[in-house]
Amino acid sequence: MNATTFPPLRITDPRAFGRVAVLMGGTSAEREVSLDSGRNVLQALQARGVDAHAVDGIPALVDALVHGKFDRVFNILHGNKGGGEDGVLQGLLEAFEVPYTGCGVLASALTMDKIRTKQVWMSAGLPTPTFVRLAPGDGVRAAALELGLPVFVKPSSEGSSVGVARVVDAAAIDEAIRVAREYGGEMLMEQMIVGDELTVGILGDVALPSIRIVPKGEWYDYNAKYVADDTQYLCPGLDGAQEDEIRRIALAAFRAAGCTGWGRVDVMRERASGQLTLLEVNTAPGMTSHSLVPKAARQLGVEFEELCWRILEQSMPEAATP
């Protein structure tokens with residue numbers, strides 16, 4: 001299968017999915033984004049006749065599963081610690097033997113941790129920006145000197161640019177560390193790549209057209225992602241051989257992390273050299289009006305309702321037939 005071809009739908013009768021929980025909200029730092037995503041997914045599935053129902057958070061889902069209320073789960077919880085991207089939810093659903101969308105336990109847990117994802121990519125020979133792991137109490141200024149400014153400081157296990165700070169001079173280091181540490185756990189200080197920020201959605205075995213992100217401000221922060229209406233999204237983000245290469249490397253990164261189903265891989269292209277470097281994987285990407293996987297799928301003729309159907313279809317056994 002080439003990078004622009006989708007297989008035909010395997011399921012044509014919405015009744016085949018049974019009763020579907022659209023899991024959203026939760027208690028992570030990305031709760032509001034997840035609720036927005038979840039409402040959109042719920043509406044899309046219901047519009048195609050799926051018996052889909054909203055469930056807010058993991059405790060409510062557990063109660064419903066104990067009482068046998070659902071046959072499968074469309075997971076659109078974002079983040080960790082009450083979100084659905086860190087492997088905890090996936091382990092729970094495996095224990096209940098309830099099918100679900102997205103990556104499995106190992107891939108979800110791994111890709112929620114930016115440091116260890118980068119270590120896997122490095123072992124596989126895939127490019128990622130130079131970084132320093134920061135445990136609590138580590139010498140932050142020494143790390144900055146080692147990498148050289150400018151850098152990004154990030155919590156290792158948050159998404160949606162939560163807690164991420166851009167540091168262009170020494171005076172900004174302390175504040176960046178303070179913000180990142182509010183989220184607990186390890187942090188990483190990562191060399192800032194000057195160039196274009198791109199993202200590649202993955203749907204099954206297909207790498208979607210890349211999207212080049214052009215924020216109005218200096219970088220693509222939380223506000224630019226979810227609030228501002230002046231961020232530009234160019235799709236496809238690259239041309240010719242460069243577009244082929246970014247899709248190839250994104251799919252390789254997705255697979256190297258053990259990911260399956262659907263997701264999104266964020267990539268930087270260095271302005272001077274054109275070198276592509278991998279930033280992170282999102283295993284339950286946003287499905288809001290600002291979100292990028294739906295924009296890329298639309299370039300290949302897959303509208304939002306069909307995209308949600310195809311994602312849900314991945315929770316069905318391969319032997320299922322229309």
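Student: How many helices and strands are in the chain?

Tutor: There are eleven helices and 13 strands, where helices (H or I, at least four residues) and strands (E, at least two) are DSSP runs numbered from the N terminus. This is a predicted model, in which local features need pLDDT of at least 70, side-chain atom pairs count only at pLDDT 80 or more, and totals for chains, interfaces and linings use all residues. Residues are numbered from 1 along each chain as its sequence is written, and side-chain values use heavy atoms, with hydrogens and water left out.

Student: OK, and what percentage of the residues count as buried?

Tutor: Of the 322 residues, 55% count as buried. Buried means under 20% relative accessible area, exposed over 50%, and partly exposed in between (1.4 Å probe, protein chains only).

Student: Let's look at helix 11. Why is it described as largely enclosed?

Tutor: Helix 11 covers residues 304-313, and eight of its ten residues are buried, so the rest of the structure largely encloses it. The buried ones are Phe-304, Leu-307, Cys-308, Trp-309, Arg-310, Ile-311, Leu-312 and Glu-313.

Student: What do they pack against?

Tutor: Their partners include strand 1 (19-24), helix 1 (31-47), strand 3 (72-75) and helix 10 (292-299). Contact here means heavy atoms within 4.5 Å.

Student: Which residues does Phe-304 contact?

Tutor: Leaving aside neighbours within four places in sequence, Phe-304 is in contact with Asn-40, Val-41, Ala-44, Met-287 and Pro-294. Phe-304 counts as buried because its relative accessibility is 18%. Between Phe-304 and Leu-45 there are 9.6 Å, C-alpha to C-alpha, although they are 259 residues apart in sequence.

Student: How many residues are in the largest nonpolar core?

Tutor: That core has 34 residues, and those with the most contacts inside it are Val-22, Val-41, Leu-45, Phe-74 and Met-287. Helix 11 gives the largest share, six residues. By a nonpolar core I mean a set of buried Ala, Val, Leu, Ile, Met, Phe, Trp, Tyr and Cys residues joined through side-chain atoms within 4.5 Å.

Student: And what does Leu-45 touch?

Tutor: Not counting residues up to four places away in sequence, Leu-45 touches Val-22, Val-50, Ala-52, Phe-74, Cys-308, Trp-309 and Leu-312. Another core, of 23 residues, lies apart from the largest one, and Val-200, Ala-250, Leu-251 and Leu-276 are among its members.

Student: Switching to helix 9, how far does it reach?

Tutor: Helix 9 (residues 240-256) spans 25 Å from its first C-alpha to its last, close to the 24 Å expected for its 17 residues. The expected span is 1.5 Å times one less than the number of residues. Ala-250 and Leu-251 are among the buried residues of helix 9. After the helix comes Gly-258, with a positive phi near 80 degrees.

Student: What about salt bridges, how many are there?

Tutor: The count is twelve, taking a salt bridge as a side-chain nitrogen of Lys or Arg within 4 Å of a carboxyl oxygen of Asp or Glu. One of them joins Glu-190 and Lys-118, with the closest N and O atoms 2.8 Å apart. That pair links distant parts of the chain, Glu-190 being in strand 7 (residues 187-191) and Lys-118 in helix 5, 72 residues apart.

Student: Are those two buried or exposed?

Tutor: Glu-190 and Lys-118 are both buried.

Student: Which residue pairs with Arg-310?

Tutor: Glu-306 does, with 2.8 Å from N to O. Both lie in helix 11, four residues apart, about one turn of the helix.
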